[in-house]
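The sequence and structure are shown first.

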Amino acid sequence: MTEHIKPLRAVFVPFRMGHHFGVPFHVNAQRRIIAEALDFVRTATHSGQILDLLRWADLRREGAQIEKQQKS
Amino acid sequence: MSAIGSMITKSDVVPLAPMRRPLADSRLTFVSTAGVQPIGTLPFDVVHPVGDYTFRRVPSSATPADLEIHQLKYPTDGAHRDLNVIFPIERLQELARENVVGGLTQDFFSFIGYNMDPDLLERTLAEDLARAVADEQADLALLAPA
C-alpha cells in the first residue's frame, strides 16, 4: 500500500497493526524507530523511497524479556 | 493508473522537500491515525458507516494518563499497556528534552483511519489537518498509521 500511496519518505516496520513503534515498554526500540525515521528525512535520495527496518521476531523476544524483568 | 488488489493508487510523485534547518533546530509534529485523544474531548465516531472526518489536537506535553483511544479498527492490546507503541508521545518528549530535535509543536494531531470516502477525506480532513500543522509552524512531521 505504501508503494501505491508514494509518500515522500516512508519507513516500513514489520509489526502488526496497532504496534507501529515496536512492542510495549521496549523504549530503545521505540526510540530507534523514531530516530531512523527522522534520519531518513535527511538521507533519502528520492521521493517514494521506503526504508526497511528491524525484525519483529527479535523485538518481540526482547519486549517479552523486558516485561518479565518488570514483573520480577 | 490502476493496481490489482488495491483501491489506492497515485500516479504523481511529490518531489522531496529538503530539510530547511538541522534536525536539532527543527520543530517536530506528530500526526497519527490511532484515534488517540485527550480524555474529555468529543469521542471519534467509530461506528459511522463512512467514517469520521475530524481530527483532535493532543497537547505534546500530555502524559499517556491524559489520553484515551477511540478506535475499533486495530488491536489496542499493546497500546493499552504502553501507549508509546502506537502514539510515542513520551519518546518524542525525550527527543525534545535531549535536543535531538529543536522542539515539538504545541499540539500533535490524531484522527481515525477508518474513512471510506477518499475524496471527502482529501477535501476536508486532509486540508484541515494540513492547515493546522502549518499553523503550528512545524518544520517536519512524523506521520504514523495505526
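B:Q137 counts as exposed because its relative accessibility is 54%, where exposed means over 50%, buried under 20% and partly exposed in between, computed with a 1.4 Å probe on protein chains only. This is a predicted model, in which local features need pLDDT of at least 70 and side-chain atom pairs count only at pLDDT 80 or more, while totals for chains, interfaces and linings use all residues. Residues are numbered from 1 along each chain as its sequence is written, chains are lettered from A and ligands numbered from 1 in the order in which they are written, and side-chain values use heavy atoms, with hydrogens and water left out.

**Backbone in the loops of chain B**

- B:Q137 lies in the loop between α3 (118-135) and β7 (140-144) of chain B; helices (H or I, at least four residues) and strands (E, at least two) are DSSP runs, numbered from the N terminus.
- Although B:Q137 is not a glycine, its phi is positive, at about 55°.
- Most residues other than glycine have a negative phi.
- B:N99, also not a glycine, has a positive phi of about 60°.
- The loop that holds B:N99 runs between α2 (89-97) and β5 (103-104) of chain B.
- With a relative accessibility of 53%, B:N99 counts as exposed.

**Interface of chain B and chain A**

- Chain B contributes 39 residues to the contact and chain A 28 residues, contact meaning heavy atoms within 4.5 Å.
- About 2,900 Å² is buried between the two chains, and carbon and sulfur atoms give 66% of this area; buried area is the accessible area (1.4 Å probe) that two parts lose on being put together, summed over both.
- Four salt bridges are found across the interface, each defined as a side-chain nitrogen of Lys or Arg within 4 Å of a carboxyl oxygen of Asp or Glu.
- One of the salt bridges joins B:R81 to A:E67, with the closest N and O atoms 2.5 Å apart.
- On the side of chain B that touches chain A, at least two residues each come from β1 (27-32), α1 (77-81), α2 and β7 of chain B.
- The largest share of that side, four residues, comes from α2(B).

**Confidence**

- Chain B has an average pLDDT of 92, and 95% of the residues score at least 70; pLDDT is the predictor's confidence in each residue, from 0 to 100.
- Residues 1-5 of chain B have a pLDDT below 50, and this stretch has seven contacts in the model beyond near neighbours in sequence.
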